[in-house]
Amino acid sequence: MDSKCAQLLPSVCTVLADSRQPVSDDTCLEKLLDWFKTLTSSGSSLLLLEENPCLTEMILTVLRQEEPNPTVLSFVLRLTGLLAASESCFRHLQQGEAVRMAFGEAGPLVGASWEDTSVRSGWVQGAHDMLRHPRAFQFLCDSGALDTIFTLQGDRSLFVASAANRLLGCMLRFSVQSERSRPLGAGDREWPECARRIVSHLEESLRSRSASGANHALKMLATVFEQNQEAWTGVLWSRVAGTIQSLLEEESARVGHSLADLFLSMARSPVFSCHEGSLWQPVTLALKGLHPTQAGLLALGLLKLEECPQAVKTQGLRILLQSVACVARTASHSSELSGMMLLWDLPADGASVESLLSSRSSCISLLCQSLAHLEEIQHLAHLPVDFPHNPLLHATVTVLQVCAGLAVPASSLGATIGGILIGCSRVQRAALHLLGALSRRANRDVSLEEIFDVLLVYLQSPDASPMVLKTAFQATLKWCLSFSETSGSTDGFPWYKQFLRDLMPLLQKRLCSPKWEVRDSTLEFLTLATKHLKGQDRFWQALSSSEVVALAEGLLDDPESYVRASAVRALGQVSLIASAGSEALVLDHNGSSNEDSLAARLLEILSSDSEGFPRRAVVSVFIDWLREGHPAVRHDPEHFVSQAIQAVKGDLDWEVKVSGLELAGAFATQCFHRFGVPECPYTAAAAASSASEPARLPELLQAFSRVRLFDFLFGALGDCDRLVALKACEILMGVRRKIGTGCGLNKGERLETQGDALLEETWKTVAPWASGLPGGDCSETASQDPKHALLVLEAADLEELEGALGRSSDHLERSPWSLLQDILSAGRAVEENEADCY
């Protein structure tokens, strides 16, 4: 603790110990506690108390008050536990009765303040923090804390109840580890006293008819098995396994979620993960007996575990598949589907799934959950079992057909499900997400034509919501990419050519939609499609023969700024890809002007658009153009970059300015490469290698001057937005590292400062920008004479500036000293208000 804080701390403790002082902002106490955590973790807690006796005095004063402020009391309980986590500090506090008054029977348990949730929470958290050594454990056992913790397990506050479960699990671990020399057995006599009481309490709660009691016990067991992976947890399981199995058979409806969490926490532990262990039999029963939504969560967790037996994984996969398969079987294609999904037939409890699918609320929630879980599995590095990819793909397409009203029901159940799912956007989105994910593992046996047909239906549907349409676009792009990867050339697939022909009128229609979300999603699809399908000639032929690009150009003037930004990105990507190959006909066919006029249009948007999103998009496009060598940039990159950064320089949007700095950095990198400037051109090796040719550093600096690069970068150093200044500082540091400090303008020469006067004059010119103060005209000087910029670049302590900019703007306000000042100021304000009353 520094001296300034040590001087303020006694006054702060006095304010907090005064029960008449209301705490107006309890977040100050949270921050104060965080500060004490930092102090105790980096130094001695006992030394902290000995050097600051005011802390002990404050703790005792608050604990002795008959009606303490609940917020302050909670803080004191947590602080006492934090300090008492050190055994030496525990003894020190115990001598002063602070530990007994905080966590003993005579503590806040018997006062009216115990009714306040914050006090109970502070007691549990403080006791948990203190439980780091045997002395604290023995104290809690002797003081009757176990009964309090048992009661707090059922606290009306879920936060307190959860914390009590964690504390009880910690108590159990300490008790078992206190007698390591004696092996544990299933009998009560073989367990330490404290552990015996906890386990007996667990067994009673599990056998009780109270669902809340059983849930608390199961959550506590899940915490124990998750945090402890030692052999004694296996003995504990052997004691409660029979009771839990009875609970699973008789009360699964009321404790299903807790049972699923318990089995997953056990399955992750190496103690229970062996295939011959006793865990997997109740897990198998749980997959069969739990509600389908609860069983689905358990199945998903098991499928992610490598150590789970294959038979259990197979059963879990069947659980996830059954609702999708049930819906698919009710459609007109059920005969085809049943043949493909023979191995994945519905389990014996399929009737319960059918009853759930017959109700609107349960049908939609169950189906969405199953589809989401199946999608999540697709992103695993390795599928857990022999996954039925093609049957699931067909079933997913069938679900989408049912939702679109295209499937003829084959039974009364099919008619009921169809009535529920037709037009249901939640299920449509979930199914489209799964359809897109299934493209990751597509093979040549997949019926691609069927997939693209159903995607076309959703892209064409006038009733599709904007979010469903966006998801359909995403799935379409994924399958187009998958098709090109698995099939190679698309020439032998006439249906794909027809799909692309049908797709372009759809894009034209969607670009004219009255809903801005639809126009935006369509432009986003166009951007990604042109980027990822640039090698597909058929796609570019279809795009060339359509009016899509022309309509996209018209959306540069869209009233919605999001749409204008998406139009900028789309046209920038189309122009970049088209100019790189034979696709250049796209722009000419649509009546668009050449690349230069598009660049001029984008510059106009950068200079005049009233919203930030389009301007950000323009700079992002310019960065891509510069890096990829777009013709509009390649002909005269200096003129292009100069125009761009001059437009960005006066922008009020910090993200636009940061992007403009990225553009400047990319230009500098290209110049280094173009002029062949090494890391430092005037090292001995570089001088020897360049003896036959003049150094090109002056050319580089002249290029920077023509673009007014240093003008832009030094100006950004003084920007009011810290992130802008930080980005400029990073680029300037990179430039200085590249050209080397002290590098001259002529071959083999160092740049002499010509005395302190020139350096001082140059720094005075640039300092107003670097400090953010008004005045100074660096632009003319730096642009006309690069020597000034090099002098400042060499003299400036950019590393120190970067460190200062890297700190948050409120680092002073967040300091411990400022926090203590805030608490004192709040106390003085209360005193002044009391004085005003008289």
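Reply: Happy to! Y562 counts as partly exposed, at 37% relative accessibility; buried means under 20% relative accessible area, exposed over 50%, and partly exposed in between (1.4 Å probe, protein chains only). This is a predicted model, where local features need pLDDT of at least 70, side-chain atom pairs count only at pLDDT 80 or more, and totals for chains, interfaces and linings use all residues. Residues are numbered from 1 along each chain as its sequence is written, and side-chain values use heavy atoms, with hydrogens and water left out.

Me: Which residues link up with R601 and E604 in a network of salt bridges?

Reply: A salt bridge is a side-chain nitrogen of Lys or Arg within 4 Å of a carboxyl oxygen of Asp or Glu. Here D557 joins R601 and E604 in the network. The R601 and E604 side chains meet at 3.8 Å, N to O.

Me: Is D653 buried or exposed?

Reply: D653 is buried, at 12% relative accessible area. Its side chain forms a salt bridge with R616 (2.8 Å, N to O), and R616 is partly exposed at 24%.

Me: How many disulfides does a search of the whole structure find?

Reply: A disulfide is a covalent bond between the sulfur atoms of two cysteines; the search criterion is a pair of cysteine sulfur atoms within 2.5 Å. The search finds 0. As for individual cysteines, C28 is buried at 14%, and C89 is buried at 0%.
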